[in-house]
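The following note sets out some points on the structure shown below. Please read the points alongside the sequence.

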Amino acid sequence: MNAMTLIDRNLHIRAIDTYVDPTVPRARAIITHGHSDHARSGHGAVLATADTIAVMKTRYGEDCAGSFQAVAFGESVVIDDVTITLHPAGHILGSAQVLIEHKGQRVVVTGDYKRLPDATAQPFELIKCDLLVTEATFGLPVFQHPDPKAETARLLRSVEANAERAHLIGAYPLGKAQRVIRLLRDAGYDAPIYLHGAMVRLCELYEERGVALGDLRLVMETSKAELAGKLAVGPPSALKDVWSRRLPDPVLAMASGWMSVKQRARQSGVELPLIISDHADWNELGETIAETGAGTVWVTHGREDALVYYCRKQGLNAEPLNIQGFEDDGGEGEE
Amino acid sequence: MKRFAQLMELLALTPSRNRKIAALTEYFRTTPDPDRGLALAVLTGALTFRNVKPALLKETVLAEVDPHLFALSYDYVGDLGETIALIWPHHGGTEELPRLSDLIELFNTTSKHELPALIASLLTRAQVNERWALVKLATGALRIGLSARLAKTALAEMSGKDLQQIEEIWHGITPPYTELFAWLEDKGEAPLIAHTARFHPLMLSNAIDEEKDLASLDPRDFAAEWKWDGIRVQLVMGQGGISLFSRTGDEIGEAFPDIVEEVFGEAVLDGELLVGHAFDPLPFNDLQQRLNRKVALPKHLKEYPAFIRVYDILFDGDEDVRPLMWRERRERLEAWLARNPQTRLDLSEVIPFADWQELAAIRRRGADENGHEGVMLKLKASPYVPGRPKGLWFKWKRDPNVVDAVLMYAQRGHGKRSSFYSDYTFGVWAGNEIVPIGKAYFGFTDEELKQLDRWIRANTIGSFGPVREVRKELVFEVAFDSAQLSGRHKSGVALRFPRINRIRWDKPAGEAGTLEDVRALVPAT
């Protein structure tokens, strides 16, 4: 059996009848991380990191799968003659790449990943392999993410310059929100940060699992006047929601890799785009593919065309995966 | 350049008009000449570079980036300038970019063959946001949602001067506008501009609300004219020569030498530019052959000679007659034309009518028989007021024609709509096949746009570059002002001003309209 028959294009590991990040309920699933385009409820047995299992239970309920098996990073699980090992992907808390080994063949499924430092996620590890299944969320050369510290500094300058207005940051409630809060804390911002109700459970979970986020309060429990000059964090949808009227004349900010495209920012009414991404940018994708030494690359979750083209130009075998149930919605999926 | 880049970014991203004005005012107040005047020229589109063109920038980038990856990126981003700024692969910005005036000087003085190297080095030196502003500056396609009028409003606000006065001076002055700023800051006199060389902002009409307006207006107070289906122009004739301006104040004389070379006299006239022989207007489609060309083709001059149907006079000789009432200006206009009989100017007739019912009937007949767009109503006692004053001029458009058409192809929009399939080609039945009859990209709400985009993505049966072919299943009710015969379209007809009136999610494609339905709406000539 070679690497290409060990796993198929639906990320089904045939020898042990197990799927990676299946989009429909399966008897056995390995889950890379807790975002809903990777982690769904209703599987039989789930194997994932303890952090990811905690995220799934928080989002979908204690009984969202038949059973759970928590695996530490670097710890191998042998099933028949297939060995499964999870390695950090650097995407969000607990996010993992899956290494599948069988008779000397090595397959890595990256899930979502990034290589820039992030105090809320275990840092990415590079794994050598024969077949790499990589994400391609930002798989176009226009995506070259800047240093998130510089983006945080820009945000803080804007807060300082608009003392009478609040800043509302749209951030995906799992991962991005906690990362933004942590970036602010690490930049020395220790004032209370105000949350939309939808962020609370996951922020608490991060705190429980050892990621300190500082003084967090609820927008709902704070008067409008008090919020002037302050920072609030809500899900991206909250930017347009009537909820945002609780804030005094808010500067609408959005933390996302998509924000590098100004026309996109304008289109979503964002006044302060913050290019803070939890995904590898174009250059990181290219470097990672080269460094894994993989001769074959399967590309999924994003702009497959460009990355497949690029890989082929580098002399690699490359194919797009069109995983059932995952459709390109034009970009703004979970991050 | 750093400050200019910040200003550009703020203008692009701030939805609030007042904040845009505040940012502009602040910039003009604190930036020295000539940078502020040059920035104003860039923002109002008054500055273009002879050799720095989008094609040159693209070429510079394609020397560094794979063309296929560039094409995929452009398709995704939807804006050439922004694609170039984002994709540029070299970042070495430690040395600051030159100030705006030096940069513009560099663009103007660098030879064509040295420009790519200059642009490459500037792009590499720039910070991300500067790179974006730099490309926007170089290509001239700003797309930051700023109108020239807003920039002038900021000038009025920073100085307390009258906006109208700024607009009048505007067309007679050139960048870097040093005398303008001196006057705005009370350090100099208002720049003196000969009226004959400049554009005078136009008086515009409001659409009539048949139920509300007609009941309250007295028909005896109004004059009616046909609404001509051409382009609005202003003809300025005087000692300084002859200028022909579009409604936005662009000089278009070079494209219409047949007019500019034959007219004579001294006046500023307002009218509709049309094409046709012996003052008999041809359909707009024919006029279109002559638009958006820098110079006229001899063939076009012969087949589609241009003339102006005049309806107002702003200056009679060098006398400003704008304060006079419409009826007095009309007398002046008729007298002026009688004194200066012309081969390229004729008078727009005044339609006699007794009451609104009669005018409504005339309007309907004019639409059906002659394809007129509608009628204009002008208050006889009104002076010529630039802008769109309420209650003085009204347009009363004909009722639109409608046809149910089937969506055939969709293309991604540009700019703000770059992620949406927002340009639609639709067709009607000709026997057993559907033939395209037109394209529309507005008439729907943002919410409907999202639904359409989803439907298109789910019903694509083929794609060619940026175009998707979809299942022939979705029906649009398309409204349009008129239908004309056209040899350029496979269907043989062209629609004037088509827009999506309604999306008929409920209607099966089999019940859509036919080519015969559309042909029946072409006015007999």
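**Notes on the predicted model**

1. In helix H5 (residues 200–208) of chain A, the residues A:Leu202, A:Cys203, A:Leu205 and A:Tyr206 are buried, that is, 20 or more other C-beta atoms, placed from the backbone, lie within 10 Å of their own. These residues lie on the same side of H5(A), because they cover an arc of only 155 degrees around the axis, the arc being that of the directions from the helix axis to the C-beta atoms. Helices (H or I, at least four residues) and strands (E, at least two) are DSSP runs, numbered from the N terminus.

2. This is a predicted model, in which local features need pLDDT of at least 70, side-chain atom pairs count only at pLDDT 80 or more, and totals for chains, interfaces and linings use all residues. Residues are numbered from 1 along each chain as its sequence is written, while chains are lettered from A and ligands numbered from 1 in the order in which they are written.

3. The cover over the buried residues of H5(A) includes helix H2 (50–60), helix H4 (176–186), strand S12 (193–195) and strand S13 (216–218) of chain A. After H5(A) comes A:Gly210, with a positive phi near 95 degrees.

4. Between the chains, 23 residues of chain B are in contact with 21 residues of chain A (C-beta atoms, placed from the backbone, within 7 Å). On the chain B side, H5(B) gives the most, with 6 residues.

5. Chain B is divided into domain 1 (2–139), domain 2 (206–397) and domain 3 (401–519), with bounds from an automatic or database domain assignment. The centres of domain 2 and domain 3 of chain B, taken over C-alpha atoms, are 33 Å apart.

Definitions and conventions. Buried ≥ 20, exposed ≤ 12 C-beta atoms within 10 Å, placed from the backbone. Contact = placed C-beta atoms within 7 Å.
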